[in-house]
Amino acid sequence: MKKVAVIGSGTMGNGIAHVFAQNGFPVSLVDISEEALQKALATISKNLDRIVAKGNLTEEQKEQTLKNITTFTSMQEGVQDADLVVEAATENVDLKLKIFRDLNSYTKPEAILASNTSSISITKIASVTNRPDKVIGMHFMNPVPVMKLVEIIRGYSTSDEVTSQIMDISLQLGKVPTECNDYPGFVANRILMPMINEAIYSLYEGVAGVEEIDTIMKLGMAHPMGPLQLADFIGLDVCLSILNVLHDGFGNPKYAPCPLLVNMVQAGHKGVKSGQGFYSWTHGTKELIVADRFKKKHFVQ
């Protein structure tokens, strides 16, 4: 496996392109927006600078990493020679199905098609292709250059050979691949999202405030960040989307998203990406400042 294409240049896409390129793979980074592609390259360069500053990468290695990445606004051009395609588009099932239909047409028959989806069925994604044995989930964690885990999800028809290849390539990236089967939320989000949802319910029902909930989970459960801060970091819209997948997939009311989460997303308060969530993210520092709405004297459900 030599050439890799990554579909989508957002937070996850540019991180995935970064780790492949840093490990010597030629990468085609594909996005419909040239502006988004240039922003992605700037982000990758900035993240590489941090690694150089820590002494874990030379300036020459940084430059080679950037040279390994070629950008495309045409998916057909970007994926035509790829041995592996990793889709990292928005967590929307209709969009992903369209992308995989196109990938099925644009890529060579032997290419492996992977999705970075955090919850959508790999079996469903594979069903729109004529190579379901070569479709697999490759769920990286954010931030991709830092986090070691890659959740490898086998669809109903994913072959042993393809699974083995993807496990091996993940190891080449310095990651720890962990295999699971294709059920709603897989493992990571099947366990994580109900916890985040319960934290939001605890706020919604007035059990405790934002800072108190996160402090209890950080100090009491040894979590590096509290569930509400983590939700802001993931994106509240992404959390809502995953909970809806779990709720629809299992038909169990325990996965129903908290009304507060629904309202926040509808109001455009999506966490770090929008500048407002459970915390305010517009002040330009790492200090955690609870959003005005959730300061005790202001909070109205």
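Predicted model: local features only at pLDDT ≥ 70, side-chain atom pairs only at ≥ 80, totals over all residues.
Trainee: Which residues in α9 meet P227, L228 and Q229 in α10?

Mentor: They are V210, I213, D214, M217 and K218, where contact means heavy atoms within 4.5 Å. Residues are numbered from 1 along each chain as its sequence is written, and side-chain values use heavy atoms, leaving out hydrogens and water.

Trainee: Why is α9 called roughly perpendicular to α10?

Mentor: The axes of α9 (residues 210-221) and α10 (residues 227-234) cross at roughly 100° and come within 7 Å. Angles of 65 to 115 degrees count as roughly perpendicular, so α9 is roughly perpendicular to α10. Those axes are lines fitted to C-alpha atoms over the stretch in contact, with angles running from 0 to 180 degrees between N-to-C directions.

Trainee: What makes a helix or a strand here?

Mentor: Both are DSSP runs, numbered from the N terminus: helices are H or I with at least four residues, strands E with at least two. The chain comes to 12 helices and 10 strands.

Trainee: How do you know that the chain agrees with a compact globule?

Mentor: For 301 residues, such a globule would have a radius of gyration near 19 Å, and the chain has 20 Å, so the two agree. The radius is taken over C-alpha atoms, and the rule is 2.2 Å times the number of residues to the power 0.38. Along its principal axes, the C-alpha trace spans about 60 × 45 × 35 Å.

Definitions and conventions:
Parallel < 35°, antiparallel > 145°, perpendicular 65-115°, else oblique.
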